[in-house]
Amino acid sequence: MSNIDTWRSLLGERDPDEVVTKALVRDVQLPGGAGTMALITLDNGFDHTKPNTFGPLGLFALNGALSEIAERTDLAAVGVTGKPFIFAVGADLKGAAALSTREEALAIGALGHHVFRRLGELPIPSFAFVNGAAMGGGLEVALHCTYRTISSGVPAVALPECFLGLVPGWGGTQLLPRLIGPAKAIKLVIENPLSQNRMIKGKEAYELGVADAMFEPADFLEESLRWAARVVKGELAVERPAHDEDWEKAVADARFLVDMKLRGASPAPYRALDLIAQARTASRDEGFAAEDEALADLLTGDELRAGLYSFDLVQHRAKRPAGAPDRSLARKVTKVGVVGAGLMASQMALLFARRLEVPVVLTDLDQARLDKGVGYVHAEVDKLLRKGRVSADQANRLKGLVTGSLTKDAFADADFVIEAVFEDMAVKKQVFAEVEAVVSAGCVLATNTSSLSLTEMGAGLAHPERLVGFHFFNPVAVMPLLEIIRGAATDDATLATAFAVGKSLKKSSVLVKDAPAFVVNRLLTCFMGEVVAAVDEGTPLEVAEHALDGLGLPMLPFALLQLVGPAVGLHVAETLHGAFPDRFGVSENMAKLVATGKPGVYAPDFTLDPEAVALFSGGASPSTAEQVRERVLKALAGEIRIMLDEGVVAAPQDIDLCMILGAGWPFHLGGITPYLDRTGIAQPRFLPPGVASVPA
């Protein structure tokens, strides 16, 4: 029995629901008499909203097409392209989750290698014409080809496997560093996936050397065929730069950065680094076999299931927010008002102007503050212009959209007014009283409060039904989460408008009940409260600070406190202590730190500040790191249970979504509730059996 027959018996019927990407072959005559090209078009029969993927049946289909091509003697070249807007986006993740044995996992890795490498081992040159999104295995198909062209309009090029708990397992870790050098390859294989799964566009992929030529979208295939003809005829020699960089240093530097970010918590990036290191000297067979082994280990581990659960949340649940009213109720927003001109307010003003493309007016108490806020927006627009993110015309338009006013009369024709003033109930109530006096009857009033009660905030309004919580996270342009809070009086039209605006801002919105500190800040305060309490009791600060390193959290606890500011952290702790005195304490030592005016426990050089650390000394009941970790996780599990019982969100998945997108809960852990389920800390379980390990 051949390898193909063995793989077919193992994998061919694994997923009867696989959407098969077909390999459609047609002959095209290359210009200038260069000969005949067998052009393969990858197409699963659907439009661009269902991208091409590779499951076992899709791989068998491509293998069959390549077998027929290999038997022909009349061809000058073979080409591969995709359906409109899509090249291919990699493995069928649903099918990957269904693999149950290591033998099956090894087989899918070996099958992909067997099929893709044929493109680079035919007796004729192969060309990848990357016309659309190319990710994961889709990019690896292109890497196996002899030459590559790419469209300047390609919106996404990526190897996102490490983001999901895998490695590029069909040649990516071996072929890419040899093509563009280890440092650039590490950027695509590891750094970008660990930076919120960043994608690059076609132009950047070309500049990195991933493609040999780039053409405009309108006539991309025609120009690619002309270019291929010149290569085939020998009129054009494709030259690729030699890479004389220190391979070992590039890998070592990357390992240091991964350690800083994950502290050993996620195996996939480390396996990818090992494979890239091996690529320097390994033969193709050795390198591909090592990828098979790594893929088999990771495909059958918990991390992939956890990553797929997280992926499903951000790709599906985030786009269909639970509890959101019918979008037809949303009011049109043609002008936005922002109360305040501080950093948060200015960030919001720029985002509203960029995404909604409507006038935005800032107000503040004096001209100096106002000028500073508007000036910030204009300076940020200038940065976007320098980076090529906006054209000169767009930059001028954006600057013209954002203005300032010392009076709230400027809100008279606004449809949406949001406040970003000091986190004090009396101040916010006064602001809304002043705003309500000048806005129209249909204007939505939004608060960016991080912890205060909407119901209390709207109690003095004539129309509290139009008040809604619209809680951004800092930095506003980067953080994808938007907590939308419904007060006791908030009506459906107001809520629908808030969700529509959130979608226009390209944020992932989650509906949250009007409860103290909502979701993210409530859980982060619980988390920080337990860490700080352990230090207050006598645990060395360094021990408590690193007690949860094994989770791979994006920031250490006291580093996070320094980022948000001790005064803000203390204020939220006091708010939650007032609401739940039995569960949330207020650290006297934290109050001492705030009183000193210090920014936190770290000095500017990121070493611990002895004076700040001394403020927390004196406790007589120290804990071990393991005890601190267990204490924190049990407290989080208990608080989440209470939040779900209170109906703060519709389901555990919404808690997970908030923590992933708003607090940086590690993607590879699969959300906080399934993690607490898997580790046995949550008793009873938060999620139904199976949901924590397979995407819902």
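**Labels and their grounds**

Guide: S2, helix H2 (residues 56-70) and S3 form a right-handed β-α-β unit. This is a predicted model, in which local features need pLDDT of at least 70 and side-chain atom pairs count only at pLDDT 80 or more, while totals for chains, interfaces and linings use all residues. Residues are numbered from 1 along each chain as its sequence is written, and side-chain values use heavy atoms, with hydrogens and water left out.

Visitor: What makes the β-α-β unit of S2, H2 and S3 right-handed?

Guide: With the strands pointing away from the viewer, the path from the first strand over the helix to the second runs clockwise. The unit of S2, H2 and S3 is right-handed, so its path runs that way. Helices (H or I, at least four residues) and strands (E, at least two) are DSSP runs, numbered from the N terminus.

Visitor: How do you know that S2 pairs with strand S3 (residues 75-82)?

Guide: Two strands pair if DSSP finds at least two bridges between them. S2 and S3 have seven bridges, in the parallel sense, so they count as paired. In S3, Leu75 is the bridge partner of Thr36.

Visitor: In which sense does strand S1 (residues 22-30) pair with S2?

Guide: Antiparallel, over nine bridges. Val28 stands opposite Met37 in S2. The hairpin of S1 and S2 has four residues between the strands, and Gly32 there takes a positive phi near 70°.

Visitor: Why is strand S2 (residues 35-43) called mostly covered?

Guide: Buried means under 20% relative accessible area, exposed over 50%, and partly exposed in between (1.4 Å probe, protein chains only). Seven of the nine residues of S2 are buried, so the strand is described as mostly covered.

Visitor: Which residues of helix H23 (residues 557-564) are buried?

Guide: Pro557, Phe558, Leu560 and Leu561. Seen down the axis of H23, they fall within an arc of 155°, so they line one face of the helix. The arc is that of the directions from the helix axis to the C-beta atoms.

Visitor: What covers the buried residues of H23?

Guide: The cover includes helix H21 (520-536), helix H22 (541-545), helix H24 (566-579) and helix H25 (588-596). Contact here means heavy atoms within 4.5 Å. Gly565, which follows H23, has a positive phi near 100°.
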